[in-house]
Amino acid sequence: MSQRRRSKGPGPSQGDDEEEDFNLSQTPTHSQVQRSLDRCSQDQVNQKVSELVQFLLVKDQKKIPIKRADILKKVLPGYRDVSLEIISRASRTLEEVFGLQLVEIDTKHHVYILTSSLTRVQGENLHHRDNQPAKLGLLIVILSFIFMKGNSAKDGAVWEFLRRLRVYPGERHEVFGDAKKLVTEEFVRQKYLEITPIPMTDPPEFNYQWGPRAAKETSKRDILHFVAKIQGKDPSFWMSQYTEAEATP
């Protein structure tokens with residue numbers, strides 16, 4: 001079989017897209033996928049599932065069709081052999097957490113969209129499924145929002161942002177249960193978040209900040225690179241956050 005020559009030089013091009021489509025047609029076998037999964041830690045796979053979920057949600061806000069080639073380039077570089085498994089797990093998370101289905105609308109070029117899932121059964125199969133990737137994804141989103149807002153965000157702004165992701169403080173969520181309790185109690189108890197009252201506010205308002213565990217388990221640099229990857233920009237686009245992230249150990 002003749003091999004296509006890879007185009008050289010940084011940045012996407014039409015040739016790059018053709019090369020990606022060519023490679024994507026070579027689907028790994030089940031045994032190849034399993035061997036690749038065995039080489040990855042469960043935490044690594046869960047992290048990539050969470051990153052992919054947030055990437056897809058951001059793209060959905062703009063109603064932009066999503067190419068699998070873009071997923072590989074921006075979210076899963078180095079994970080090509082297990083990409084279909086990660087996409088499958090992200091699809092299940094989107095279904096369970098956000099009521100969205102990942103639909104492939106172009107099987108030749110592997111293009112996806114998210115559509116609303118209106119036929120879900122309340123609570124079906126949720127008790128025995130691992131929702132840790134979903135919780136981790138929600139936590140990363142909140143930490144990212146706080147950092148990009150200058151390391152502190154009012155509770156109203158946080159929940160307005162989460163509503164755009166279909167997470168509501170006053171409604172029971174199918175995976176998270178009481179989402180407000182998860183955010184304001186569980187994440188606080190685990191020291192991922194700190195929530196402090198703002199003096200002299202009526203009705204009471206609160207500030208959200210990173211907790212000490214968040215600062216130990218991730219970094220502002222990692223969070224900024226995560227945001228930049230999703231937005232398709234260089235981290236230095238946000239100069240203030242970039243300077244702070246680079247200066248923080």
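Modeller: Gladly! Let us start with a term: contact means heavy atoms within 4.5 Å. This is a predicted model, so local features need pLDDT of at least 70 and side-chain atom pairs count only at pLDDT 80 or more, while totals for chains, interfaces and linings use all residues. Residues are numbered from 1 along each chain as its sequence is written, and side-chain values use heavy atoms, with hydrogens and water left out.

Colleague: Which residues is leucine 162 in contact with, leaving aside its neighbours within four places in sequence?

Modeller: Those are Leu138, Val141, Ile142 and Val167. Leu162 and Leu138 are also among the residues with the most contacts inside the largest nonpolar core, which has 58 residues.

Colleague: What makes a set of residues a nonpolar core?

Modeller: The set holds buried Ala, Val, Leu, Ile, Met, Phe, Trp, Tyr and Cys residues joined through side-chain atoms within 4.5 Å. Buried means under 20% relative accessible area, exposed over 50%, and partly exposed in between (1.4 Å probe, protein chains only). Helix H6 (residues 132-148) gives this core its largest share, 10 residues. In soluble globular proteins, nonpolar side chains tend to be buried together.

Colleague: What makes phenylalanine 145 and phenylalanine 161 a stacked pair?

Modeller: Rings of Phe, Tyr and Trp (its six-membered ring) pair if their centres lie within 6.5 Å; planes under 30 degrees apart count as stacked, over 60 as edge-to-face and the rest as tilted. Here the centres are 4.8 Å apart and the planes are at 15°, so the pair is stacked. Phenylalanine 145 is in helix H6 and phenylalanine 161 in helix H7 (residues 155-163), 16 residues apart. Phenylalanine 145 has 14% relative accessibility, so it counts as buried, and so does phenylalanine 161 at 18%.

Colleague: Why is the pair of phenylalanine 147 and tryptophan 210 called tilted?

Modeller: Their ring centres are 6.4 Å apart and their planes are at 55°, so the pair is tilted. This pair links helix H6 to strand E8, 63 residues apart. Phenylalanine 147 counts as buried because its relative accessibility is 0%; tryptophan 210, at 14%, counts as buried too.

Colleague: How do you know which strands of the sheet are at its edges?

Modeller: Two strands pair if DSSP finds at least two bridges between them. Helices (H or I, at least four residues) and strands (E, at least two) are DSSP runs, numbered from the N terminus. The open sheet has 3 strands in the order E4-E8-E7, with antiparallel pairing. Strands E4 (153-154) and E7 (193-198) each pair on one side only, which makes them the edge strands. E7 is joined to E8 (residues 205-210) by 6 bridges.

Colleague: How do you know that the span of helix H10 agrees with its residue count?

Modeller: The expected span of a helix is 1.5 Å times one less than its number of residues. For the 12 residues of H10 (residues 220-231) this should be 16 Å, and the end C-alpha atoms are 16 Å apart, so the two agree.
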